[in-house]
Amino acid sequence: MFALFHERRHCVLMARTTGVLSSEDIDTHDRVVLRFLAGKEDVRAIYDLSRVETLAIPASKIAQRGQRPAIVTGQRIVVSSSTGGAEFVRIIADEQRTAGLAEPIVVPTLEQAYARMGLDKDAVFEPVDA
């Protein structure tokens, strides 16, 4: 399941996927984030994949996605543990590195992502309509 949230004070988007990470989730992400970013600048993003259990996307599709520039051009941090999201992150980072694109920062916990973004415990993420 894919959900998107926005923290206004620090202009941080958080995309969270739980359970199965699917091709449909990627398509939804792209559509919703592009719509959200219209007219906005200096947006940063946290991609929380720490609760992904299963990856249901062909490696070739992940590789194709990784060869394209990121939709969010500001700082990107990915939270990935040893669950299903780790393989997705590895392929994306490898492809972006190979293509000469900026790789996301990868951290193992959401707390570390917050710290890297300069967010405090009072950060409020509000849902963004899909």
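I started with H3: its buried residues pack against strand S2 (12-22), helix H1 (23-37), strand S3 (44-56), helix H2 (59-66), strand S4 (76-79) and strand S5 (105-107). This is a predicted model, where local features need pLDDT of at least 70, side-chain atom pairs count only at pLDDT 80 or more, and totals for chains, interfaces and linings use all residues. Residues are numbered from 1 along each chain as its sequence is written, and side-chain values use heavy atoms, with hydrogens and water left out.

My terms: helices (H or I, at least four residues) and strands (E, at least two) are DSSP runs, numbered from the N terminus. Buried is under 20% relative accessible area, exposed over 50%, partly exposed in between (1.4 Å probe, protein chains only). Contact is heavy atoms within 4.5 Å.

**H3**

I listed the buried residues of H3 as Gly85, Phe88, Val89, Ile91, Ile92, Ala93, Glu95 and Gln96. I then looked up Gln96, which has a relative accessible area of 3%. Leaving out residues up to four places away in sequence, Gln96 touches Gly66, Arg68, Ala70, Arg76, Leu101, Ala102, Glu103 and Pro104. After H3 I found Gly100 with a positive phi, near 75°.

**H1**

Among the buried residues of H1 are Ile26, His29 and Phe36. Their cover includes strand S1 (2-7), S2, S3, H2, H3 and S6. Gly39 follows H1, with a positive phi near 80°.

**Cavities**

I used a 1 Å grid over the protein atoms alone: a cavity is a set of points where a 1.4 Å probe fits but cannot get out, and lining residues have an atom within 4 Å of a point. Points are joined across faces, edges and corners, and a volume is the space filled by probe spheres set on the points.

I got two cavities of 30 Å³ or more. Of its 21 lining residues, His29, Tyr47, Arg65, Phe88 and Ile92 lie nearest the centre. S2, H1, S3, S4 and H3 each give two or more residues to that lining.

The second largest cavity holds about 30 Å³. I noted Ile26, Ile57, Lys61, Ile62, Arg65 and Phe88 as its lining, with the largest share, three residues, coming from H2.

Notes
1 Å grid on protein atoms, 1.4 Å probe; cavity = no way out; pocket = protein on both sides within 12 Å on 5 of 7 lines; lining within 4 Å.
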